[in-house]
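Below are my comments on the model you sent. They begin with a single residue and then turn to the chain as a whole.

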Amino acid sequence: MAFDGITVSALRDEFERTLSGGHLAKIIQPEPNELVLTIKNNAKSWRVLLSADASLPLACMITDQRTAPMTAPNFCMLLRKHLAGGRLDRVTQPSLERVLIFHFTHRDELGDSREWQLIIELMGKHSNIILVDSSGRIVDAIKRISFNVSSVREVLPGREYFIPETQHKEDPMAADEPSFIRTVAEGDRPLYKSIYGSYTGISPVMAEELCYRAGLDPDSACSSLTEPEKIHLAHVFRIMTDDVKEGTFHPTMYLKNGEPFEFSCLELTEFGNLPKKTFDSVSALLTAFYAEKEIRTRIRQRSADLRKIVSTALERDARTLNLQEKQMHDTEKRDKYRVYGELLNTYGYSLESGAREMEAVNYYTGETVRVPLDPLLSPGENAKKYFARYTKLKRTAEALKERIASTKDELSHLDSISESLDTARDEADLDEIRDELAEYGFIKKKNQNGRKRSQKAKPLHFLSSDGFDIYVGKNNYQNEEITFRIGRPDDWWFHANDIPGSHVIVRGEGKELPDRTFEEAGRLAAHFSRAGTSPKVEVDYTLRRNLHKPTGGRPGFVLYYTNYSMMASTDISDIREV
């Protein structure tokens, strides 16, 4: 993710405009490495989240409330003592470092004005929140770092605060075009690595973007650049730094397969073919990006047990089907035994006693065949033995045919459940999948007494550009619901061709659907299918009245013999969800 110095600069700009001059009204520490500051400014209250969590360092303004622990941690109590009620004078960022400094003025117990700095370092596993006094010494930190942990810098009370220069990078905001050319365009390193390796606050994504804007291959060696290419790249770099200096930011989230993929506060033209969402503020962008990521991650974690069950059942059924098909292949020689028996009944009277084989013409094909014989048995007894073998293999084939159909049906059902797990959005969806697995014997039914059930899951609801309601099932039960209870005979039904996926119903309300609505419904069916990561998917569509549910069929399983087909894109970023 591009949480680089440019994103931090955009945050600084937002904080400076919104919060400077306000008073710090409240400080809480809801998590061990997280603070929420409430700052009142211009008759409004703003909540600022500062997180030094190693997995997700973050600074942004939030709208939701966080719960404070019953007993405030020591670091929170220290901040309340020195900062609560103080004025936020300004917010700064040294160079283009991933560091924000909140400058506070607060009166101590004697009424004297004191200056403080609350510093958040957004540096992955090295992230920290540090309180520094007016002399530049550390008062305390949310994470204390001793010499045993880091030989580069101790973060302990009384130590002088400084930003470690471990990589010796230059300040991009101070670079001009000649110095950029000298710094970057030399050596044999790949060009984009030279850019982000030479300047602080430039992420690999932004380095690749600079190369893309300049029309250069980011993997090309620096030494291969011509002089005009160096000058053009330096010019592109200066335009980027000018945008940062002037606060010309465009908070944007880029999507891939409908999911958050990347974000940036400057336009990423290299992702111009991806759908995107723009935001009014950096905080709104970060909140939306990480909230979406968090939801998907949480659902995947909570569905891990179900995924394991479904995966194990799929592997078991695949092995069973393979064995059954091999057994079915073995029964294909049954007709040969029937013919042997018939030939023995026809020509066996001429055989001598104790013969080991009989040569005869197969009157079905005209070919000469050799029939092996048991010399201890008469021709009639040999014929009876062959007919018995034929009958046994015939019964086996008939039984295997039913078993193979049943195994394939179960595999198809499990495939659809696996796809439902990928589509699930909340705990209610997972509850429905658990119910389905229990109903068909894949897991044991649990006594629900005393167990708090999630809210009833609902299908996805979209609105087409022409104002038609479109419903999308997230699992087999919901597919059944939208197709046979929400859908009416004259509504249109869509589904990806011959692969697991969601049912899609467009409520026509007796009107003729525009082509654009057909196309949008097709894209939804393509996106919510097993092939949802492909650029294009074949989608079948037909009137709801043409669907038939077989007696005893599994939920969501339908038959249809009259349909149309289309090739649909899987991009649904422009379809509005209700």
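1. Arg 153 counts as buried, because its relative accessibility is 11% and the cut-off for buried is under 20%. This is a reading from a predicted model.

2. In the secondary structure, Arg 153 belongs to the loop that runs between β9 (138–141) and α3 (177–184).

3. The side chain of Arg 153 comes to 2.7 Å from the backbone oxygen of Phe 162. Phe 162 is also among the contacts of Arg 153 when neighbours within four places in sequence are left aside; the others are Glu 121, Ile 145, Tyr 161, Ile 163 and Pro 164. For Pro 164, which is 11 residues from Arg 153 along the chain, the C-alpha separation is 6.9 Å.

4. The chain contains 13 helices and 21 strands. Its radius of gyration is 35 Å, whereas the globule rule gives 25 Å for 578 residues, so the chain is more spread out than a compact globule. The C-alpha trace spans about 125 × 65 × 60 Å along its principal axes.

5. Of the 578 residues in the chain, 47% are buried. Taking contacts between residues at least 6 apart in sequence, 59% join residues at least 24 apart.

How values were computed
Residues numbered from 1 in each chain as written. Predicted model: local features only at pLDDT ≥ 70, side-chain atom pairs only at ≥ 80, totals over all residues. Heavy atoms only, no water. Helix = DSSP H or I, 4+ residues; strand = E, 2+ residues; numbered from the N terminus. Rg over C-alpha atoms; globule rule 2.2 N^0.38 Å. Buried < 20%, exposed > 50% of the residue type's maximum accessible area, 1.4 Å probe, protein only. Contact = heavy atoms within 4.5 Å. Polar contact = N/O pair within 3.5 Å; in protein donor to acceptor, adjacent residues only side chain to side chain.
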